[in-house]
Amino acid sequence: MFKDIPVDVSPMHEGERIRAANMFVELAGPKSMGAELIQVDEDIENGDLKIIGPDLSEMTEGEIYPFGVYVKIQGDKLEKELEGVIERRIHELSNYVKGFMHLNQRDQIWCRVSKEAFEAGFKLLDYAKALSILLQEDFPLIEKITVTILTDETDVASFLETTKEAYDYRDSRARELSDEDVDVFYGCTMCQSFAPSHVCIVTPDRTALCGAINWFDCRAAAKMDPEGAIFEVEKGDVIDATTGEYSNVNAVVADKSQGVTERIFLHSLFDYPHTSCGCFEAVAFYIPELDGIGIVSRDFGGETPLGIPFSTMAGQCSGGKQVEGFVGLSLEYMRSPKFLQADGAYERIVWMPKEVKESLIEFIPGELYDKIPTEEEAGSIKDIRRFLRENEHPIRERLKQSRELAVTEEEPVSDTSEFEDGYEVEDGGTPVAYVPQMTVPGSSNGVKIIFKNAKIYAEKVIIKKNGK
Amino acid sequence: MIIAVSGKGGTGKTLVSSLLIKSLMGKGKDILAIDADPDSNLPEALGIHVDRSVGDVREELKKDTAEGNIPPEANKWDILDYKIMESLLETPEFDLMVMGRPEGSGCYCAVNNILRKIIDRLSANYDIIIIDTEAGLEHLSRRTTQNVDIILMVTDPSKRGILTAKRIEELSKNLDISFKRKYLILNRVKPGKEDELTREVNEIGLEVAGIIHEDEQVENYDRKGKALIELPDDSQAFKSISQIMEVILKKI
């Protein structure tokens, strides 16, 4: 099949690098320009291979040339949406050609031809031929294929314009990709060396907590290393689309966490939040007094309104523990349309560092932006409450509603006559105390009452002196 | 073949690395030098300047990711691969990769994991790889999954230097990577002390591959900041290292 090509063509040459010292010429790369593009075109003639501009024999050893690879394909079942997937194969397939180095993709490619290949009589036309055969072999859907190689500066420059349009289109499609559009999510257990029960679930709407990898990166990593720490997770049945709970995600998390975590919600910090390794870029934390959510990022050096810095909070909710009311997240997740959607998304956010807030200016709903305080406006829960009141943050509606609900459901228990001798504490909202553990004082008859992780809501707190 | 050169700081590790490279040059071999010690100055010893380390590339990728500069549909690992290749300093005689500073804050598990694969694949293209690594060896195990053929521990005649070499040897047993052969190179030895030192080293269970004597020329180069790789071919230090290399190549 490759018998007219003067160099070997085989997968064994994948990963081949050509040192500057051994190269005949360099094509595209950081010191020049170049791109590759695959497009579906109905009107092409199969096997049409063209070199526009100088081929290798007209090039000077040691020089760098612009390089464009324009592939057109046709097939009854070929859709435009497949262009990106097929184009991404060019990288691997080009490396099958011995003496031809190919790195990266799109308009960031970098190629080299070895002296050895050139001396054997290798031409760019041979490359075009090998590529057309390999692509058709890999994707039988391709019925017709043409390859045009451009090496002239003006041609490559105008080709770059064409490619840019195509890439932008694909990127805009990719940005729209959501959890509903795919059947497969990815799991990552890379951090299990220090958080043995932690499993990260990466979906189109939820990047990994570390911020380093998104759904597309996982897809590439799982393909590159199928036995590795990043693996496919069939999402299974949707249990709840709002909280982001899926039957098979639960099953995989239970399995990979050795049974420690049995359920997770992808888009909520209540009930069964996603666990955290310790790598997260930010933590979202529930503030019971305000029934709101605060966010603190790793780069924020000060104290949060809870009176503790990021590091302390990170310690409380990392290590693969599922801690209700806390969830680690990536900064990118805050740009997701599903960002904590089950909890009210940005309407529930009542505090975040200024730096984070400013980076999210395009993603926080416009009418909310000025209603969310940062460390500059509020350093304590009291400050936040005042700020929320002054700026009419929608969380106040929420608080009001829940209070009305509480009043109608329960009989008021306090006797108003007590007020004359007591102190009344009320500060805009329902006072709530959150205690990891407390013992009720004054129980003297040998019984001790201990509350663990209790949330105590009180309409009013009355402090009375004994004997009155 | 992968050769790692390790030792306590200031014992002549970089001298050995750079002269090993010099001894291998001009033989038609593809050589990769890796500077894996953030405190070393291998590029200076090789007479070249490197603008961008692997550490810099890693930080760039983290930054680009955080700022959303990477096209969503593009393959991030291919971008990383490209940038690593770009950070490589290529000379007619050898290529140099500088590892650079350790990670900043935040999580690098995913990036490092892929980085290791990229570096392994890149390294597979070379005949000989010389790694200048710090005494702790942790970097080495974090940066490669490949086994190292030879570890050369460099020490001066000081008790502390020799004990560090012993510690490196012990440490090397506890890593995920394994070493086929381990040798010690004694540097800055005063004439007449060879036998005594060799005995001392043998007693703690290390094999001496060779001895480099005190060398005024090397000291001069060091003082003037001249590239050690430019030492003349008849330099005492270079002749010793060429011999050591011959011995090693014969045994492997």
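Reader: Before we start, what conventions apply to the numbering and to the predicted model?

Author: Residues count from 1 along each chain as its sequence is written, while chains are lettered from A and ligands numbered from 1 in the order in which they are written. The model is predicted, and local features need pLDDT of at least 70, side-chain atom pairs count only at pLDDT 80 or more, and totals for chains, interfaces and linings use all residues.

Reader: How many residues of chain A are in contact with chain B?

Author: Contact means that the C-beta atoms of two residues, placed from the backbone, lie within 7 Å. Here 38 residues of chain A are in contact with 32 residues of chain B. On the chain A side, α1 (83-94), α4 (153-176) and α5 (215-224) each supply at least two residues. Helices are DSSP runs of H or I with at least four residues, strands are runs of E with at least two, and both are numbered from the N terminus.

Reader: How do I read a pair of packed helices?

Author: Two packed helices are described by the angle between their axes and the distance between the axes. Axes are lines fitted to C-alpha atoms, for helices over the stretch in contact, and angles run from 0 to 180 degrees between N-to-C directions. In chain B, the axes of α3 (residues 54-66) and α4 (residues 76-87) come within 9 Å and cross at roughly 145°. Val54(B), Val57(B), Glu60(B) and Leu61(B) of α3(B) make this contact with Leu80(B), Lys83(B), Ile84(B) and Ser87(B) of α4(B).

Reader: And what is the strand order in the open sheet of chain A?

Author: Strands pair if DSSP finds at least two bridges between them. Four strands form the open sheet, ordered β16-β14-β15-β17, with mixed pairing. At the edges are β16 (326-329) and β17 (349-351) of chain A, each pairing on one side only. The twist averages 35° from one strand to the next. β15 (residues 292-297) of chain A and β17(A) pair in the parallel sense over two bridges, and Gly294(A) has Trp351(A) as its bridge partner in β17(A).
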